[in-house]
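Biologist: I'm new to this one. Can you walk me through it?

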Amino acid sequence: MLPGNPHTTLEDRIARKVASPGYREWRAKVTATNGCTVPVRLFGAWQLHDATTRKVLAHHGGEIFVPCGNRRSAVCPTCSDRYAADAYHLMHAGLAGGSKGVPTTVTDKPRAFATLTAPSFGAVHNRSTTASGKTRPCTGCGEYHHQADPRIGTAVNPDTYDYEGSVLWQANAGALWHRFRIALNRELANAAGMKAREFSDHARLSYAKVAEYQRRGLVHFHAVVRVDGPDGPTDRTPSWVTSELLDACVRAAAASVKLTVARPDGVALDLRWGSQVDVRPIRANQAHEVEDDNGSISETRLAAYVAKYATKTTGKTDGTDRPIRSQLCIDHAKVSDHHRRIIQTAWDLGGLPQYEDLKLRRWAHMLGFRGHFLTKSKHYSTTFKSIRNERRAFRQAEVLERLGLEADSVLVINDWAYQGNGYDTDAERELAAALAGRIRDNRRRKYEQETHR
């Protein structure tokens, strides 16, 4: 209820907002952001000038809302949906071709879907099932856990779990991937009987990977790996590269990679990938399912499957959606004791001078992981920037067409000042959430209609 007015309910405040004179204009601003949860508020104006005479052809000023752009679904479902859509197009272009400058011939190239996991740092509660769906007892405690059991993923014995090692592994996961990529190039070159430095003259390794958090709080990487000719996706892959060879080289490279770092007491710690390395071939003829009976992965579903991980957070019981600013934030975070220990360890290690470069305090809320959630090689497909520029150019063309102007004949002048983030009242937040839900439902319904024609 509003301060000083105990009789005003949220419903009353929503009704008052809807009946206010400026509601239609406010609603239009929210709709323009697709119902962003925490929009950036800007005040200023834009003008269109004649490129020759500098005469003002169009003008619009006042306050506008700009989408926050947060990829995390727990922070902003709307911007998360947009990020996931962009990630899908980026992934799918590299898988199926035919768009974003990638030819359809990429479907004929050797491709694999690889999953690299973190090693064990101690026993955690787990839940697995048999082929018939029967639940197995936890290997750590012997109990049977239900799917929503909050203990799953947490340490069986926190006193013996290597929190220190897990945080150092997490902070160096990006460097471990870099070494894996180099090792994979080397394995492919060795298989062809050539030196590693000669590989780029004959073939090129292209990839796109996404990081996903496991319930124990450590990431694993899902990666689409493709072997092109030396000039990229438009160049034919050497005939000696096969899907079977790529599978074997991925496994060999993952097993060979090692990165040695020092613990706080100076003792060496060898960082490696976990033993559970999964490699599946990607086939072009299973477009109706994620994988077939032989474990082959389809293109369309795989792009959606991978893209969804780019918008996932660590989860409410794993980490926090906001950076940790002080010890007080850790003490009051709504996380499990296990994940609080991970955050605390990252915070404590981040205060030591030897780990300054890891910036662990900055990334303590992400359990020490400081890499990008979706990365790609240069020649895999398009980029997020290119996709956003295409969308921006499309909208600009719409405005110019509506005004009857040509792009080459005008100059765009922008002058905006930052005013704040988010909505002013709880009534505005509720209304924006309702609008966002309606927009998402309409988009989903339209997509289903298009795909079932």
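Modeller: First, a term: a crossing is left-handed if the near helix is turned anticlockwise from the far one by less than a right angle, and right-handed if clockwise. Helices (H or I, at least four residues) and strands (E, at least two) are DSSP runs, numbered from the N terminus. This is a predicted model: local features need pLDDT of at least 70, side-chain atom pairs count only at pLDDT 80 or more, and totals for chains, interfaces and linings use all residues. Residues are numbered from 1 along each chain as its sequence is written, and side-chain values use heavy atoms, with hydrogens and water left out.

Biologist: In which hand does α4 pass α9?

Modeller: The crossing of α4 over α9 is right-handed.

Biologist: Which residues of α4 and α9 make the contact?

Modeller: From α4, Tyr163, Glu164, Val167 and Leu168. From α9, His338, Arg341, Ile342, Thr345, Ala346 and Leu349. Contact means heavy atoms within 4.5 Å.

Biologist: New topic. How many aromatic pairs does the structure hold?

Modeller: There are 14. Rings of Phe, Tyr and Trp (its six-membered ring) pair if their centres lie within 6.5 Å; planes under 30 degrees apart count as stacked, over 60 as edge-to-face and the rest as tilted. Trp169 and Trp273 have ring centres 5.9 Å apart and planes at 80°, so they are edge-to-face.

Biologist: Are Trp169 and Trp273 buried or exposed?

Modeller: Both are buried (under 20% relative accessible area; exposed is over 50%, partly exposed in between, with a 1.4 Å probe and protein chains only).

Biologist: What about Trp177 and Phe180?

Modeller: Their pair is tilted, 5.1 Å centre to centre with 45° between the planes. Both lie in helix α5.
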